[in-house]
Every structure is written in structure tokens, then in C-alpha cells.
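Visitor: Hello! I am new to this structure, and I would like a short tour. Could you show it to me?

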Amino acid sequence: MRRAPKPLAISCRIAATLAAMALVGGQASAQFGGFSIPSIPRSSSSTQKSADGCPKGKSKSAGSSILGGLIGQGVGRAASSAGVGSFFPSAEFADTLTNAIACRLDPEEQKQAAEATVEATRGEEVGSTSSWTSNTRENVSGTSTITARNDELASNGAVGRQCITVTDVIIVNGEETTANKRMCRAPGSARYSLAA
């Protein structure tokens, strides 16, 4: 008669598997310079993109997600240091940056791009612009420029929301990405935010 595995035996097997993965990860860490949460490269010409221009994700099993995450971190770090890859747009700047721009910028660059947008919108005039240069990567910069004004009228004929079109241009290692965004401000509001 065969006995069912004891919980302690199962725990030991899991611990041994995790230790082996950590050893492989430590060796990869030494080779690639450490792990962080980097971008995962999407350099294939057949890579599918979502409507906003960022690479589409695929659903994975839990096991492949863990293993892929460990391998992807090392490869992604090496790729991001070479300027290849995509990042996760930060929810903190979701009211200021489009995903098409945010997914190409690391978190610090997203902050700089959002600050440039806010600075440009303070001018409120078509042609107001603000530029930035990355503090974290070489050859990454961008501008935000107000390119159009289109205020909305309220139902009584008075000016309702004030709306502008802002054009963001970023350059990452010589590759230019341009995205237009409509931003509006309700009467009495202090700042513009992305309009739905």
C-alpha cells in the first residue's frame, strides 16, 4: 500500500524547488547585474499591439508566469539598459499621460513627462510647450505642446469645460513617438486632465 505524501515532504519539495530557482536567479543576477522590475522586451516584428500602441499581454499559467518573470527580469534589465522595451503605465499619471507614451517611459520619466504636460497646460495658449530630458536613461527626452483649443459650451450657451489638444512627442534612442491627447478642465478646476 502506498502512503499519501506528508505535508512536511511536500513543503520540503517546494522549498528545494524554490532554492534551485533562487540559485539560478543568483547566477543570472551576477551575469545581468541584478534583478528589478524592468520592462520586458517586445522587439519581434510580429508583436501584437493594443489600440493604444503598447504591446499586448498574453494570459499565462501561474507556473509559467513565475518562471517567465524570473527569466524576463534578467533579459528585460539587459534590454532596458540598451533602450529596448516597454514599461507599465503608472496609475498616478493616468489623468495626464496616454498609454502610448507612458508604456515607453520608466516611472521617473513618466513623472517628468506628466510634469511637462502640466507646465505646458498652465500657459493655456496654443503653442505653449514644455520639454524634459530623462534623469534615468540616456537618449530619452520629450515635449508637450498645446496644439489646439476647443472649449465646450454649456447648455445655457456659456463656456463650459475648457478643452485643449496637447501633442506629446518622446524620443527614445532615436525612435520618435507622437501622441495627441484631449485634455479638459471643468469651470473652477485648477488643472486640465485627459478627457474621455
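Visitor: In which loop is Glu124 found?

Guide: Welcome! Keep in mind that this is a predicted model. Helix H4 covers 107–123 and strand E1 covers 129–133. Glu124 is found in the loop between H4 and E1.

Visitor: What is the phi of Glu124 near?

Guide: Most residues other than glycine have a negative phi. Glu124 is a residue other than glycine, yet its phi is positive. The value is near 60°.

Visitor: Is Glu124 buried, partly exposed or exposed?

Guide: Its relative accessibility is 24%. Buried would mean under 20%, and exposed over 50%. Glu124 therefore counts as partly exposed.

Visitor: Where is the place of Asn173, and what is its phi near?

Guide: Asn173 sits in the loop between strand E3 (162–172) and strand E4 (175–185). Asn173 is also a residue other than glycine with a positive phi. That phi is near 50°.

Visitor: How many bridges join E3 to E4?

Guide: These two strands run antiparallel. One of the pairs is Val172 with its bridge partner Glu175 in E4. The number of bridges joining E3 to E4 is eleven.

Visitor: Which are the edge strands of the sheet?

Guide: Five strands form an open sheet with antiparallel pairing, in the order E1-E2-E3-E4-E5. An edge strand here pairs on one side only. The edge strands are E1 and E5.

Visitor: Which helix packs on the sheet?

Guide: This helix touches E1, E2, E3 and E4. Its direction makes about 160° with that of E1. The helix is H4.

Terms used:
Residues are numbered from 1 along each chain as its sequence is written. This is a predicted model: local features need pLDDT of at least 70, side-chain atom pairs count only at pLDDT 80 or more; totals for chains, interfaces and linings use all residues. Side-chain values use heavy atoms; hydrogens and water are left out. Helices (H or I, at least four residues) and strands (E, at least two) are DSSP runs, numbered from the N terminus. Buried means under 20% relative accessible area, exposed over 50%, partly exposed in between (1.4 Å probe, protein chains only). Two strands pair if DSSP finds at least two bridges between them. Contact means heavy atoms within 4.5 Å. Axes are lines fitted to C-alpha atoms, for helices over the stretch in contact, and angles run from 0 to 180 degrees between N-to-C directions.
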